Amino acid sequence: LPHSPPPQVVIKPAEATPFTAVALQHLAVQAGIPPAAIGVVTSSRASVPAIGEFLAADTRLRKLSFTGSTAVGKRLLQQSAAT
């Protein structure tokens, strides 16, 4: 199988509302955006910190946008400061 490029946008929705991001991805495809352009990462509450840490440490990530608590925002800022 050929390597596919990573998604241009990765959405990690709140664990309580994952279907909003899945619906957004579906609507984007209907609008003509290639399916692989948007990646949706859903998770349980227990795996949220590990996913945030993984995304913040990824050097391919050029921008991180976040909506949530100040405490989590500070944590993501600290984790991504070195990349």
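Which element provides the largest share of the lining of the largest pocket? Helix H2 does, with 7 residues. The model is predicted, so local features need pLDDT of at least 70, side-chain atom pairs count only at pLDDT 80 or more, and totals for chains, interfaces and linings use all residues. Residues are numbered from 1 along each chain as its sequence is written, and side-chain values use heavy atoms, without hydrogens or water.

The largest pocket has a volume of about 1200 Å³. A pocket is an open set of points on a 1 Å grid where a 1.4 Å probe fits, with protein on both sides within 12 Å along at least five of seven lines; lining residues have an atom within 4 Å of a point. The lining holds 34 residues, and Val-10, Lys-12, Leu-55, Leu-64 and Ser-65 are the closest to the pocket centre. Strand S1 (9-11), helix H2 (48-57) and helix H3 (70-80) each give two or more residues. Helices (H or I, at least four residues) and strands (E, at least two) are DSSP runs.

Helix H1 spans residues 18-30. Its 13 residues reach 19 Å from first C-alpha to last, close to the 18 Å expected at 1.5 Å a residue; the expected span is 1.5 Å times one less than the number of residues. Pro-18, Ala-21 and Ala-28 of H1 are buried (under 20% relative accessible area, 1.4 Å probe, protein chains only). They lie on the same side of H1, because they cover an arc of only 90° around the axis, taken from the directions to the C-beta atoms. Just after H1, Gly-32 takes a positive phi of about 105°.

Methods: Grid points are joined across faces, edges and corners, and a volume is the space filled by probe spheres set on the points. Buried means under 20% relative accessible area, exposed over 50%, partly exposed in between (1.4 Å probe, protein chains only).
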